[in-house]
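Here are my notes for your first look at this model. Keep the viewer open and follow the points in order.

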Amino acid sequence: MTELLETPAPGAGDGAAVAAAVRGAVVRFASTTVLHGVDLELRAGEVHALVGQNGAGKSTLVKALMGVNPLAAGFVEVGGSRVELSGPEDARRLGLEIVYQDQPLALHLTVAENMFLGREPTRSGLLDRTAMRRRAHEVLQRVRADCLPDDIVGDLTPTQRVQVSIAAALAADPRVLVLDEPTAALGSAESAPVFDLIRAARSDGVAVLYISHRLHEITSLADQVTVLRDGRRTSVSPAAGMSVEDLIAAMVGRDLDALFPDVPHTPGDVLLEVDGLRSGELVRDLTLRLRAGEVVGLAGLVGSGASEALLALFGDRRSSGSVRLGGRETRTGGPRAAVRHGVALVPEERRTEALFPGLAVRSNLTASSLSHHARGGVLSRRRETTTADDLVQRLGIVPASPVADVSTLSGGNQQKVVVGRWLSRGGRLYLVDEPTAGVDVAAKAEIYRHLGELAAGGAAVLVVSSDFEELLGLCDRVLVVRDGSVTDEFARGTIDEDGLTARAAAAPAGSRATPEVPVAVPRRRTRRPWARQIGVGLAMIAVVAALVAGSPGFLLSAGAWDVLRQAGTPVMLAAALTVALGAGAFDLSVGAVAQLTASVSAALVVAGVPTPLVVLAGVVVGAGLGAVNGAVTTLLRVPSFVATLGMLFLLVGITLGVNGGLAVSVERTSFLLLGQGYVGPVPGIVLTSAVVVLAVLALWRRTRPGLRLRAAGDDERTSRLRGVRTGRVTVTALVLSAALSGLAGVLLASYASGSTARDASLDLLVSALAAAFLGSALTRTFLFDPGASAVGSLFVTVVAAGLIANGLSDQWLGAVQGVVLLLAVLVAVARHRNLGQVVIF
């Protein structure tokens, strides 16, 4: 909770008011001190630049300002008052908004949901989606974003995701706007609207904190500049009059001899010949030649097809056309074959396409050259360490520890690791996409030198960069890519940045101005997004039709109602499990909870407890068990898969203790009506299940807690940075899942006229899993959804009843459910390569 302490702002002198400040910030991680008493003061109507090399502490300081990193000493001020921030939610409530360097977004949510996550507008307790879409549309137009509020973020290009991140911050009308490398993935033309927005925000009195390794942006935008070095503030001064060279000297602590080191290299014979390359919607007819010992750049605006061409050449995208490497026709057959042919790729999206979070820097550096570091098929730790130590020193990776988790490194140091991986392996052809995105100026010079050394060693280097100044300084030739093909070629020194930008944007010949509006970007959509869902649905209908053809009577008249009665409890359990899965947890105890509450309900009825209290007891018992699951998962940090697996076996034993291994029969009419009664022609259990599932579905899709449950399951880190208390979300999901399972157990006891002696918890779990994963295959983004799971559960029940009607023994039903589960999982893996939001370990 935010606590305002009435403390005057020290040093708030004349001029604009101090919108926010950090005073004497000290941040420690374990025994390592990362920030040493740093001060930062942000004034209204001012752009304040924060610069420093990678590892200098910029992101750490920003996260301290936003309440993400706790302060060991010092404090934060907002509006002249000292505040205590317990998390990003407090900072956002006080008007502080941030666009992080890696633009954390929940990929399976819509643009509008991402923009308002953590501060969702509601109306009568429900999400005000109309207001969300209207406001999102307004702000997206302001940032000139080529996407719509209802677009799925995972379908967007990297540039569009940057635009969404900035739009999300601006939608809050912040008093302080923090921009951490917002243009790292953008070219000059695409960056222009961002700069316009920054200037407009400054005019509106917003305090802007701007972080960028593109130093020319600092000199043109900033009013004040603070320099960090090794976790300390070394200077703060007006930006007016500062040159790029001045900034470099302040950051590095010395004069940098040359940003683009002169590494002599002589082009040799043609190594790569590409003719008529086509791939996807963006690469349409690309032709180029690349010589050994040459560095060539591809200059194109977003949507030009330059980055996609690299992926096609690496075998990561289907393509057609002629590709010859070393004079031989090459069809790589995928990235693995490309690596064998001596092709290396540094991809644009390092976080999702290049790094292995959770593994050490050493393992990431040697991941593409494992055979070189093995002896007899066994990795040699000594060889790996030797290589990693060398690369860490050569590239200046901070911290200089090969055993550090790569995910803990700053963005720039992570990029050094990606580049270093291929330096470790070696190759003939290097495909490099945005080689210095998020990298400080000293590290840029090192990377440029290493790329030059690769060319000097006889390799060919093909570079794509949104920083045209980088291409002009680094490359021997620059090829302009527009509409998926090469349209112009320039040798080093024959064109400047403005001219290259004009050519890339198809401006008239001789034009020198940067276009005011970016070239329209082709909308990146999944092809026929509903085809897969329709295909799965049609397959389900075909299976049911085949069963009906074999036994026409089992779904007619009373048979259909009987099948629906059988589906009542499984449908509710499927919805219960889906709530946990959709929130990123794994509740393996749903069947055991239902089995226990069925036995408890039967015992309570026999003991004379009124039926309403029996129902309440089932829900309360379930919720209590869910709270235990949640506490073990969040407080003890035990994976939910392990915690609920342990709960499953524990409850099996407790159930045996409750019923003594004997069946308990129930004869009370009021209780039996819950599972066996009718409302007109409709079974009561069907109505109850339908009402419960619809209520859960409304919570899931239409409420603030539902959005946060889905967001936490989609991307826990993104949700946490947006102010969602993800631990609380996990507990809520497990409590709700177990409470629904408890209610399902009560209905199960009523439907079966008591509790059985046979343990059916695993059967109930497998049925719910099959329904949940089958339901996820029916959704647009393979996410778990209670409504889709209910459909999946109904299908599983119909198939079981149909097979029995066609003569199959009910002893095989468990195997049938397992087959359905396996097929649903295979569909998800084959088409989407993950299982919804679930992380097992």
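1. Start with a definition: two strands pair if DSSP finds at least two bridges between them. Strands of a sheet pair through backbone hydrogen bonds, either parallel or antiparallel. Now take an example: Ala299 stands opposite Val480 in E24. Strand E16 (residues 295-299) runs parallel to E24, and 4 bridges join them. Remember that this is a predicted model.

2. Look at the sheet around that pair. The open sheet has 6 strands in the order E19-E22-E23-E16-E24-E25, and the pairing is mixed. Its edges are strand E19 (343-346) and strand E25 (485-491), each pairing on one side only. On average, neighbouring strands here are turned by 20° against each other, direction ignored. Helix H15 (residues 441-456) lies across E16, strand E22 (429-433) and strand E23 (460-464). The angle between H15 and E23 is about 145°.

3. Is Arg477 buried or exposed? Arg477 belongs to strand E24 (residues 477-482). Buried means under 20% relative accessible area. Arg477 has 15% relative accessibility, so it counts as buried. What does its side chain meet? A polar contact of 2.7 Å links the side chain of Arg477 to that of Glu294. A polar atom of the Arg477 side chain also lies 2.8 Å from the backbone oxygen of Arg289. Beyond four places in sequence, the residues touching Arg477 include Leu290, Val296, Glu489 and Phe490.

4. Val432 lies in strand E22. Val432 is buried, with a relative accessible area of 3%. Among its contacts beyond four places in sequence are Leu310, Val346, Leu451 and Val463. Val432 and Thr408 are 24 residues apart along the chain, and their C-alpha atoms are separated by 24 Å.

5. Move to another open sheet of 6 strands. The order is E7-E10-E11-E4-E12-E13, with mixed pairing. Strand E7 (96-99) and E13 are the edge strands, and each pairs on one side only. The twist from one strand to the next averages 15°. Strand E10 (residues 176-180) pairs with strand E11 (residues 207-211) in the parallel sense, over 5 bridges. Within that pairing, Asp180 has Ile211 in E11 as its bridge partner. Helix H6 (residues 188-203) packs on the sheet and touches E4, E10 and E11. Its direction makes about 150° with that of E11. Helix H5 (residues 158-170) lies across E7 and E10, running at about 180° to E7.

6. Which residues of helix H8 (residues 244-252) are buried? They are Leu247, Ile248, Ala250, Met251 and Val252. The cover over these residues includes strand E4 (47-51), helix H7 (215-221), strand E12 (224-229), strand E13 (232-238) and H15. After H8 comes Gly253, with a positive phi near 85°.

7. Finish with a helix pair. The axes of helix H21 (residues 611-634) and helix H27 (residues 726-751) come within 7 Å and cross at roughly 150°. That angle makes H21 roughly antiparallel to H27. The crossing is right-handed. On the H21 side, the residues in contact include Gly618, Gly622, Gly626 and Gly630. On the H27 side they include Val731, Leu734, Ala738 and Gly742.

How values were computed. Residues are numbered from 1 along each chain as its sequence is written. This is a predicted model: local features need pLDDT of at least 70, side-chain atom pairs count only at pLDDT 80 or more; totals for chains, interfaces and linings use all residues. Side-chain values use heavy atoms; hydrogens and water are left out. Helices (H or I, at least four residues) and strands (E, at least two) are DSSP runs, numbered from the N terminus. Buried means under 20% relative accessible area, exposed over 50%, partly exposed in between (1.4 Å probe, protein chains only). A polar contact is a pair of N or O atoms within 3.5 Å; within protein, one must be able to donate a hydrogen and the other to accept it, and residues adjacent in sequence count only if both atoms are side-chain atoms. Contact means heavy atoms within 4.5 Å. Axes are lines fitted to C-alpha atoms, for helices over the stretch in contact, and angles run from 0 to 180 degrees between N-to-C directions. Angles under 35 degrees count as roughly parallel, over 145 as roughly antiparallel, 65 to 115 as roughly perpendicular and the rest as oblique. A crossing is left-handed if the near helix is turned anticlockwise from the far one by less than a right angle, and right-handed if clockwise.
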